[in-house]
Amino acid sequence: MASPRTVTVVALSVALGLFFVFMGTIKLTPRLSKDAYSEMKRAYKSYVRALPLLKKMGINSILLRKSIGALEVACGIVMTLVPGRPKDVANFFLLLLVLAVLFFHQLVGDPLKRYAHALVFGILLTCRLLIARKPEDRSSEKKSSLPGNAGSTGNAVNTEEQPSLYEKAPQGKMKLS
């Protein structure tokens with residue numbers, strides 16, 4: 001049976017992946033929603049106007065919108081379908097992308113209701129990355145595999161558990177001079 005941690009990571013990966021595929025597709029084509037597509041076009045025009053450095057680099061609103069949309073679709077597909085380390089890389093890229101979008105929203109002075117979804121999905125991406133990268137807790141596995149414990153196989157040579165670092169520390173007062 002899968003651990004709760006695994007179930008959480010898989011559920012977050014699929015849900016976030018599908019969300020970013022959807023949002024990236026809206027940025028790329030009006031087929032899903034003409035209103036949302038035209039709103040994205042308007043928003044990205046205001047982002048480029050607010051950041052003249054993009055114009056100097058030769059990046060117009062169409063290129064910015066389509067590149068961000070394509071990156072969202074690609075990373076969303078990886079998050080949904082590809083197992084292993086690539087999910088974490090895609091998660092990291094999407095997190096950077098969300099931070100950039102939050103920066104753009106702040107730059108143009110959008111109200112919170114216009115970018116609240118980006119905040120929420122940024123938090124979800126962060127949680128997924130932290131949960132996925134946290135090392136497995138092996139303490140419960142060690143206890144069950146120690147010799148002499150119920151359910152273990154092998155000869156019981158040393159039935160005492162190793163003391164932790166805190167138990168090995170000297171007790172009492174230390175003299176400082």
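Helices H2 and H5 of this predicted model are roughly perpendicular to each other (a class covering angles of 65 to 115 degrees), since they pack at an angle of about 75°, with their axes 9 Å apart. Helices are DSSP runs of H or I with at least four residues, numbered from the N terminus; axes are lines fitted to C-alpha atoms over the stretch in contact, and angles run from 0 to 180 degrees between N-to-C directions. In H2, Tyr 44, Ser 46, Tyr 47 and Ala 50 meet Val 101, Phe 104, His 105, Leu 107 and Val 108 of H5, contact meaning heavy atoms within 4.5 Å. This contact has 7 nonpolar, 2 polar and no charged residues (Ala, Val, Leu, Ile, Met, Phe, Trp, Tyr, Cys and Pro count as nonpolar, Asp, Glu, Lys and Arg as charged, the others, Gly among them, as polar).

The largest pocket has a volume of about 350 Å³. A pocket is an open set of points on a 1 Å grid where a 1.4 Å probe fits, with protein on both sides within 12 Å along at least five of seven lines; lining residues have an atom within 4 Å of a point. The volume is the space filled by probe spheres set on the points, which are joined across faces, edges and corners. Of its 19 lining residues, Met 23, Lys 27, Met 40, His 105 and His 117 are the closest to the centre. H2 gives the most to the lining, with 6 residues. By class, the lining has 13 nonpolar, 2 polar and 4 charged residues.

Residues are numbered from 1 along each chain as its sequence is written. Local features need pLDDT of at least 70 and side-chain atom pairs pLDDT 80 or more, while totals for chains, interfaces and linings use all residues, and side-chain values use heavy atoms, without hydrogens and water.

How values were computed. Helix = DSSP H or I, 4+ residues; strand = E, 2+ residues; numbered from the N terminus. Parallel < 35°, antiparallel > 145°, perpendicular 65-115°, else oblique.
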